Amino acid sequence: QVQLVESGGGLVQPGGSLRLSCAASGSIFRLYAMGWYRQAPGKERELVATISSGGTTNYADFVKGRFTISRDNAKNTVFLQMASLKPEDTAVYYCNANRPKFIGGGDYWGQGTQVTVSS
């Protein structure tokens with residue numbers, strides 16, 4: 001079982017920045033692929049960014065150049081640095097951990113953190 005706890009959400013003005021954090025339990029965090037997803041009211045959950053165990057990153061087109069995903073394996077934590085925020089970035093942001101099959105497999109989710117971009 002992997003437990004994920006997000007933090008760092010809040011209210012920010014358009015053009016502002018926020019940094020989300022996701023702390024994971026377990027001693028083999030370094031082997032997990034990690035990701036951030038978001039879900040706005042009335043919409044489906046969508047991929048924001050992912051980072052592999054080796055550090056390869058992938059971004060949705062709508063956040064490229066504005067958001068940066070990173071990880072600190074020593075702290076079992078993944079981050080999402082968000083800049084140039086827009087009202088349409090308003091959503092609940094969820095952390096995801098994908099555990100490789102050779103160590104049990106599975107997808108795990110945090111409880112989510114609200115990000116609201118508004119003036």
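Tutor: Begin with a term: a residue counts as buried when its relative accessible area is under 20%. Keep in mind that the model is predicted.

Student: Which residues form the covered face of strand S1 (residues 4-7)?
Tutor: In a regular strand the side chains alternate between the two faces of the sheet. In S1, Val5 and Ser7 make up the uncovered face. The covered face is Leu4 and Glu6.

Student: Which residue in S3 is the bridge partner of Val5?
Tutor: S1 and S3 run antiparallel and are joined by four bridges. Within S3, the partner of Val5 is Ala23.

Student: How many residues does the largest nonpolar core have?
Tutor: Leu4, Trp36 and Tyr93 are among the residues with the most contacts inside this core. Strands S3 (18-24), S9 (91-98) and S11 (113-117) are among the elements that give it two or more residues. The number of residues in the core is 31.

Student: On which face of S11 do Thr113 and Val115 lie, covered or uncovered?
Tutor: Gln114 and Thr116 form the uncovered face of S11. Thr113 and Val115, together with Val117, lie on the face that is covered.

Student: Which residue of S11 is the bridge partner of Val92?
Tutor: S9 and S11 pair in the antiparallel sense over three bridges. The partner of Val92 in S11 is Gln114.

How values were computed
Residues are numbered from 1 along each chain as its sequence is written. This is a predicted model: local features need pLDDT of at least 70, side-chain atom pairs count only at pLDDT 80 or more; totals for chains, interfaces and linings use all residues. Side-chain values use heavy atoms; hydrogens and water are left out. A nonpolar core is a set of buried Ala, Val, Leu, Ile, Met, Phe, Trp, Tyr and Cys residues joined through side-chain atoms within 4.5 Å. Buried means under 20% relative accessible area, exposed over 50%, partly exposed in between (1.4 Å probe, protein chains only). Two strands pair if DSSP finds at least two bridges between them.
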